[in-house]
Amino acid sequence: MPHPTPAGYQYSATNYHPLPVTLVKGEGVYLWDAAGNKYLDMMSAYSAVSHGHCHPELLATLREQAEQLCITSRAYYSDKLEPFLQYACEITGQEKALPMNTGAEAVETAIKAARKWAYTVKGVAKDSAEIIVCSDNFHGRTTSIISFSTELQYKAGFGPFTPGFKVVPYGDAHALAAAITPNTAAFLVEPIQGESGIHLPPAGYLAACAIICSKNNVLLIADEIQTGLGRTGKLLACEHEKVKPDGLILGKALGGGILPVSLFLSSKAVMDVFQPGDHGSTFGGNPLAAAVGLKALQLIVSNKLAERSAELGEYFLQRLHTLNSPLIKAIRGRGLFVGIEIDTQRANACVLCEQLMHDGLLTKETHHTVIRLCPPLTINREQLDEAVSILQKSLRTMAGK
């Protein structure tokens, strides 16, 4: 729904449609606007703020490193990068990692790695490699990534598009098997689709895909930018089906809610296809990002945020199922990665988000149909109860309109 642009905010391109609130402060699971109003953050910047806003240990790490060295580019070695990459590899079971900044950059890195691996290791003919993706995917907004999106708006006006991608239905392992050819380099998949509305595939889907990929010498690449690092109740969402992907993409929470930090991780066999000059980033892997990224990972493990997400997610879903609102069509999720699908015949999810804002809870809908509930993993039961109470109030207000 249209709403006024805040005064003095006239120079930004309109590539976003923010809620009419100007935020000035964050602490833990709460945010404050310029008028001093307090809000419960139930979106955590699309899982980037899994540690909570302004985590004191992360801020201390940031300050300490910023006073020593921030960036040198990868033209030189840094004493912070290798410990960061080593720890990331050790806790995920991968062998090497390539650092970038945003999640989309890490996805682009995965695409390049898969293609070069196909040519240099698998023996696919030059410029013939294919990567299979899923319908309703969301892996970013760069030109190559939107080339395989099935969301028309993401592509409108941005062609011509990058070839080399094939789309199969999400959750259908048989469709994946049928789509594989000798030219298939990789299968890129979200263990749980976030942007499409927090959609979980059928039980056993990811495990079946892993077997299919292995039998066909195809890389299984998991995009865990949103679902990874404890969000779904495991360190990685793939672990719910005991799957170890051939390639892993991490971001968002990796930066501790402070910096953009991302990684593509894989085996030596895949990573060793890169030679100096093949790929890079001026800011990727800079000392400041590496220091914060390492501390972010250490806190996720030491504070047992994945285990916390599993326990609190189960409790949260139970509480949400007591809402009994006629506006709710479905509730789904895993861990603290939850979506409430709204009956569009009765209400608009965008309008409901504005009502939630007025009642003290901040989040955003996806595709005008699903309310995302993905709070910082540091949230507690009392704060989840607060969220349920606000949801109940807003739903009743909307149902009465």
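## A helix pair and a pocket

Glu-311, Leu-312, Tyr-315, Phe-316, Arg-319 and Leu-320 of α11 are in contact (heavy atoms within 4.5 Å) with Arg-381, Leu-384, Asp-385, Ala-387, Val-388 and Leu-391 of α13. By class, the residues of this contact are eight nonpolar, no polar and four charged. This is a predicted model, in which local features need pLDDT of at least 70, side-chain atom pairs count only at pLDDT 80 or more, and totals for chains, interfaces and linings use all residues. Residues are numbered from 1 along each chain as its sequence is written, and side-chain values use heavy atoms, with hydrogens and water left out.

Helix α11 (residues 305–320) packs against helix α13 (residues 381–399) at an angle of about 25°, and their axes are 10 Å apart. Therefore α11 is roughly parallel to α13 (angles under 35 degrees count as such).

| Second largest pocket | Value |
|---|---|
| Volume | about 860 Å³ |
| Lining | 33 residues |
| Nonpolar lining | 14 residues |
| Polar lining | 13 residues |

The elements giving two or more residues to its lining are α3 (81–92) and β4 (96–100).

Methods:
1 Å grid on protein atoms, 1.4 Å probe; cavity = no way out; pocket = protein on both sides within 12 Å on 5 of 7 lines; lining within 4 Å. Points joined across faces, edges and corners; volume = space filled by probe spheres on them. Helix = DSSP H or I, 4+ residues; strand = E, 2+ residues; numbered from the N terminus. Nonpolar A, V, L, I, M, F, W, Y, C, P; charged D, E, K, R; others polar. Axes fitted to C-alpha atoms, helices over the stretch in contact; angles between N-to-C directions. Parallel < 35°, antiparallel > 145°, perpendicular 65-115°, else oblique.
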